[in-house]
Amino acid sequence: MSTVITDTSILARRGGLAGRLSDLFWRKPGILLLLMLTPPLLWLGIIYLGSLIALLLQSFFSIDDFSGLINYEFTLSTYRQLLIPSNFDIILRTVVMAVMVTLASAVIAFPIAYYAARYARGKWKVIFYLGVMLPLWSSYLVKIYAWKLILAKEGILTWFLAKLHLLWLLDAWLALPVVGGSSLSISYTGTFIVFIYVWMPFMILPIQAALERVPGNLIEASADLGGNPAQTFRFVLFPLALPGIIAGSIFTFSLTLGDYIIPQIIGSSRLFIGQAVYAQQGTAGNIPLAAAFSVVPIVIMGLYLWMAKRQGAFDAL
């Protein structure tokens, strides 16, 4: 007696174009993956990388001083212009500001992130995330102009210091040659404060994520072995949180390096790289020099990301 075995686990082919395509994608999933990845890869390759390559090529051209037209011949003279004192000061000023903002953000963000990682639970953690993320939900320009009003000579900060009889301290600080000015709203100090406020969430969250990965028993073991809080922080907590700090610094450093709106609205007349790019491209019409200025942050961030990767910072993103 013969037994007929019917395999019901294999479905019959479906008809129509949609059915044939579905069967093809099921048999060859690589084709479906290729179709899904093609649009974003084209966008990345043509729009993003293509524009960067075009920008890089523009930086190897020069501007004719007589006609004001672009001379499309390969030259390094535009990059040599970056080394003249006025342009080099712009680069140095921007890098110093980015480094100072990054260091100050890390110092301020660490205790906040530590509290959120070690002690905040339940609704308090929700409140923490809301407090950190809420500034990111408001308009970028609204925040900056609000800070311009706060830091102005007639602003609330000056009024508050006057009530505390500390206005002399503010005047003494504004009298300093580099960081001072006629008011906080048109000084490097004001620019520094607003940079920290705007980019602070990008520093807090990576540090908090890194600290949450630190096992609590390591801190307890350090205390059991006689380590005081300073030693525990230096030899246990800080090394394990360092990837998160570096990950946060990637955001704060790069965003400060390329921003031109904050220095344009709050700050002195001295330019930053972003302002120089805008001025050379828009007002002066010197696109090659604007492109050369734009390459500077790209090179700096490329080196910084390479060093950050060696420290394992991307594991904390």
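The model is predicted: local features need pLDDT of at least 70, side-chain atom pairs count only at pLDDT 80 or more, and totals for chains, interfaces and linings use all residues. Residues are numbered from 1 along each chain as its sequence is written, and side-chain values use heavy atoms, with hydrogens and water left out.

**Overall form**
- The chain holds 14 helices and two strands (DSSP runs, H or I of at least four residues for helices and E of at least two for strands, numbered from the N terminus).
- The C-alpha trace spans about 110 × 70 × 35 Å along its principal axes.
- Buried residues make up 35% of the 317 (buried is under 20% relative accessible area, exposed over 50%, partly exposed in between, with a 1.4 Å probe and protein chains only).

**Helix H14**
- H14 covers residues 287-310.
- Its buried residues include Phe293, Val295, Val296, Met301 and Ala308.
- At the start of H14, a side-chain oxygen of Asn286 comes within 3.3 Å of the backbone nitrogen of Leu289.

**Nonpolar patch**
- Leu83, Phe88, Leu92, Val96, Val99, Met100 and Leu103 make a nonpolar surface patch of about 640 Å² (residues with over 30% relative accessible area and no salt bridge, nonpolar side chains being joined within 5 Å; a salt bridge is a side-chain nitrogen of Lys or Arg within 4 Å of a carboxyl oxygen of Asp or Glu; areas are Shrake-Rupley, 1.4 Å probe).
- Leu83 sits in the loop between helix H3 (77-81) and helix H4 (85-118).
- Leu83 is exposed, at 62% relative accessible area.

Note on methods: The expected span of a helix is 1.5 Å times one less than its number of residues. A polar contact is a pair of N or O atoms within 3.5 Å; within protein, one must be able to donate a hydrogen and the other to accept it, and residues adjacent in sequence count only if both atoms are side-chain atoms. Patches are made of residues with over 30% relative accessible area and no salt bridge: like charges are joined within 9 Å, nonpolar side chains (Val, Leu, Ile, Met, Phe, Trp, Tyr) within 5 Å.
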